[in-house]
Amino acid sequence: MRQNQRASFDHASVILPNLVWMFALVAAVVAASLRGFDSLTLLPIAAIAAIPALIGVLLSPVIQREWAQILLMLSWAGLALMACILLGLVPMGLLFITVPAIAMLFFKEKFVEGLIIAVLIMAIVFFAGRAGSLPDVDLIDSGLSTWVKQTGLAALLAFTLAAMFAAANRRQAKPISGVEMRETFWRDGVEGGLFEYDSKARLIGTNAQGAAQFSGDVPESLVDFLPLDHSDQAALGGKIEAARETKMPQLLRISHKGSGEHASYDMRITPLQKGGWLVHTHDRTDDEAQLESLRQMGASAERDSTDKTLFFAGVSHELRTPLNAIIGFSDMMRSRLFGPLPGKYAEYADLIHESGQHMLDLIGDVLDLSKVEAGRYELNYDTFDAADVIRSSVKMIRPAADAAEVAIDINLDLDQALLIQADRRAVRQILLNLLSNAVKFSNKGAHVDVDAQAIDGDLELAVSDTGMGMDAEELARIGNPYTQGEGGKLAVERGTGLGLSLVKSLTTLHGGKMDIQSKPGDGTRVKIILPLQAD
């Protein structure tokens, strides 16, 4: 948009002085005829003098090209050179002024180039004349020669004034939309639209990207920057007022349909020292589309995860019924309720009972974790003594500990009450999972310690063992579902890797934290911190 406006204006500015020159030549021929001079002699001279002006008019559509500007300046320099040869350096050397005059319509650099071209050629003509190298041409009589010199200087004066007027008008010109396309905005390379508003919130400048964002229809007032609804207009007005009061930039996310399609922009309103505001708008439409795509992908992944969790919960629930029957009938067989069994069958009944019980425990972990992940695990808060739950949990795990020849010690402060508001079943499940892991991964003759104390409104519960421990890499994975350390993979009684994950999830549901410390060969210490009072 800026280039088109500038090109159209340069086209008009170049045409004006050239037309003035040709009009002056026509007027000179008419005036000479009225004074009795031979017009047939003047017509060829006027035609030659009009050649640079005709070149300027013809080149005006492409005058921004470097070659077109150089060609136009050289054509005027050639006319001055010919005039000096035919009519003498004095006063025709003044015609070299046309070269920098026409260069004024371009850039500052071109004015300097035009001045240098004019001075060099005039110096060559001067020294050539002093050396007697110029040809002695006598095509017209002295009376007509004087008339040509006088009218040529008059035409030069008119041409120079017209060029100065066109150059001044070009610097003050406004684009078609009434907005000045500032050079500083165009050259700074800022990504996005730039808009400058004065102290009265009136638009005084923008750049090409800013005009493109609004398809050329740039808002003339800052308070009417976008066709927003009342709430958005109020937000924009608030940001403008905040920028005025704090003298600090203000940020705002905006949307509009200026280009026919919905677009989103980050808008930055910066107050200027001289008064007014500089507004920068950066197109975020593509970013918004990508974010929306990511949100949809995240929602889809969440739905898939929820569906998977619900599937596991349903399958686990359905498996519990036949497993309970298997455990019940195998228990009847073990107790010889209907009479004795042969030796091998009695052994098989024990194995069926133990395997069924182990599988039921694993399915229970899967079901509980699935409920947590699906957001369907509901905590039933109750006030109870955590010490009672600790003792009962140890009592439940002790037969397995005795079979593994692992001692369990409980360390409680008998003078300190451990009353807590929590889900009793969830706390017991946390303890059972921690104790089960500690016994499972401890060698014969090892010790498992259970410590509990109330500190600063929290219950700190720790289970420590002297088992094989874990390294830093294993610790980083522990707590993720279906993840086990190397000790779990080597254990005789394999699990699902859900124990600590379930402990972590149940602890988080209570608003607590889990901390694991372990080193290979030095055992593991798992500390659970639960708030004594429910939120």
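## A helix with a nonpolar face

Val-119 sits in helix α6, which covers residues 108–130; helices here are DSSP runs of H or I with at least four residues, numbered from the N terminus. This is a predicted model, where local features need pLDDT of at least 70, side-chain atom pairs count only at pLDDT 80 or more, and totals for chains, interfaces and linings use all residues. Residues are numbered from 1 along each chain as its sequence is written, and side-chain values use heavy atoms, leaving out hydrogens and water.

Val-119 counts as partly exposed because its relative accessibility is 45%. The scale goes like this: buried is under 20% relative accessible area, exposed is over 50%, and partly exposed is in between (1.4 Å probe, protein chains only). Together with Phe-111, Val-112, Leu-115, Ile-116 and Leu-120, Val-119 makes a nonpolar surface patch of about 520 Å². Such patches take residues with over 30% relative accessible area and no salt bridge, joining nonpolar side chains (Val, Leu, Ile, Met, Phe, Trp, Tyr) within 5 Å and like charges within 9 Å. A salt bridge puts a side-chain nitrogen of Lys or Arg within 4 Å of a carboxyl oxygen of Asp or Glu.

## A buried serine

Now for Ser-75, in helix α3 (residues 66–87). Ser-75 has 14% relative accessibility, so it counts as buried. Setting aside residues up to four places away in sequence, Ser-75 touches Pro-52 and Ile-55, with contact meaning heavy atoms within 4.5 Å.

## A leucine in a loop

Leu-222 belongs to the loop between α9 (208–213) and α10 (230–246). Leu-222 counts as buried because its relative accessibility is 0%.

What does Leu-222 contact, leaving aside neighbours within four places in sequence? The partners are Tyr-197, Ala-201, Leu-236, Ile-240, Met-267, Trp-277 and Val-279. Take Ala-201: it is 21 residues from Leu-222 in sequence, yet their C-alpha atoms are 5.1 Å apart in space.

Methods
Areas by Shrake-Rupley, 256 points an atom, 1.4 Å probe, with all protein chains shown as cover. Helix = DSSP H or I, 4+ residues; strand = E, 2+ residues; numbered from the N terminus.
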